[in-house]
Amino acid sequence: MPEPEPSVVHTSPGCEVLQAQLGGWDNLNHLIVCTATKHAVVVDPFDAAYWFNVAESRGLHLIGAWLTHSHWDHTKGVEEALERGGEGFEVIVHEAESERGWDGPHTRVLDAAPHVATALHVGDLTFEAVRTPGHTPGHLTFLGHGIVVSGDCLFLGRCGRADLHGGDPAALRASLLYLRSRMQALPDDWVVLPGHAYELADGRVPHHLKLADVLSGNEAMAALDSDEAWAALPFLAFDDALARRARDQS
Ligand SMILES: [Fe+2]
């Protein structure tokens with residue numbers, strides 16, 4: 001069994017979701033499994049060998065990778081996944097990620113407008129891939145079967161940064177408004193699965209939270225209705241090497 005062993009973070013009828021934190025940037029990777037067909041897809045694979053080993057040890061057929069966005073820490077394992085997966089292995093990304101210069105390996109691009117869903121399938125299960133730009137132009141959030149896989153758009157206690165190349169604070173705010181209204185209409189016990197686990201205001205560092213807890217405790221969502229509160233959020237932009245590189249690229 002690969003190390004660290006992934007944990008089961010959600011089950012719903014016909015669906016099981018595994019999570020593992022991988023790599024030096026503490027990326028949360030998710031494996032979405034159709035328990036009827038044993039088909040599985042991995043979201044944002046950091047380490048392809050890890051997930052193929054997980055699939056093999058559990059008798060699963062890894063059929064594809066879905067990319068929330070194209071930052072390197074969310075796509076590092078894609079090339080190897082394509083090699084390991086062979087013919088028919090699908091790598092799905094939104095075409096707008098090319099606006100930030102990404103030309104990495106993939107097999108299918110989505111072209112949905114912001115806040116429009118595309119149906120994606122894992123075995124018998126259907127999920128929505130909704131374009132939620134702002135952190136990157138073609139960021140996708142995956143919803144369905146009790147989970148919201150939110151990448152670097154929505155973290156549990158806050159949201160992703162919007163100051164990297166292709167980032168857009170206004171687009172991020174619109175995406176979070178969209179997600180908030182979607183999430184308010186979903187059952188409270190759905191689970192939010194972000195791309196990274198960051199410390200909450202109370203010091204906890206959960207790797208997943210119930211949707212209701214995100215809606216009630218997320219700092220970015222709480223600031224959405226006020227221009228002043230939104231502009232004052234300290235995590236939309238940082239003065240670091242990544243931001244300096246983004247300014248050079250723009
Ligand atoms: Fe990112």
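How many of the five residues of strand E4 (residues 39–43) are buried? Four of the five are, so that E4 is mostly covered, where buried means under 20% relative accessible area, exposed over 50% and partly exposed in between (1.4 Å probe, protein chains only). This is a predicted model, in which local features need pLDDT of at least 70 and side-chain atom pairs count only at pLDDT 80 or more, while totals for chains, interfaces and linings use all residues. Residues are numbered from 1 along each chain as its sequence is written, and side-chain values use heavy atoms, with hydrogens and water left out.

**Iron site**

- The iron ion has as protein donors His69 (NE2), His71 (ND1), His135 (NE2) and Asp152 (OD), which lie 2.2 Å from it.
- Donors are N, O and S atoms within 2.8 Å of the metal (3.2 Å for Na, K and Ca); water is not among the atoms, so sites may look incomplete.
- Along the chain, the donors of the iron ion are spaced as H-x1-H-x63-H-x16-D.
- The arrangement is irregular because the four donor atoms subtend angles of 87 to 176 degrees around the iron ion.
- Four donors count as tetrahedral if all angles lie between 85 and 135 degrees; four count as square planar and six as octahedral if opposite donors are over 155 degrees apart and all others between 65 and 115; anything else is irregular.
- His69 and His71 are both buried.

**Strands**

- Helices (H or I, at least four residues) and strands (E, at least two) are DSSP runs numbered from the N terminus, and two strands pair if DSSP finds at least two bridges between them.
- E3 and E4 are antiparallel and pair over five bridges, with Cys34 opposite His39 in E4.
- Four residues lie between the strands in the hairpin of E3 and E4, where Lys38 takes a positive phi near 65 degrees.
- E4 also pairs with strand E5 (residues 61–66), in the parallel sense and over five bridges; Val42 has Ala65 in E5 as its bridge partner.
- Six strands form an open sheet with mixed pairing, in the order E8-E9-E10-E11-E12-E13.
- Its edge strands, E8 (117–122) and E13 (209–210), each pair on one side only.
- Within this sheet, strand E9 (residues 125–131) and strand E10 (residues 140–144) make an antiparallel pair over four bridges, and Glu128 stands opposite Leu143 in E10.

**Cavity and pockets**

- On a 1 Å grid over the protein atoms alone, a cavity is a set of points where a 1.4 Å probe fits but cannot get out, and a pocket is an open set with protein on both sides within 12 Å along at least five of seven lines; lining residues have an atom within 4 Å of a point.
- Grid points are joined across faces, edges and corners, and a volume is the space filled by probe spheres set on the points.
- The largest cavity holds about 30 Å³ of space, and its lining includes His30, Val43, Asp44 and Thr68.
- Strands E3 (27–34), E11 (147–151) and E12 (191–194) are the elements that give two or more residues to the lining of the largest cavity.
- The largest pocket has a volume of about 420 Å³; of its 20 lining residues, the closest to the centre are Trp25, His71, Arg161, Leu164 and Leu242.
- H8 gives the largest share of the lining of the largest pocket, four residues.
- The second largest pocket has a volume of about 240 Å³, and helix H5 (residues 211–217) gives the most to its lining, with three residues.
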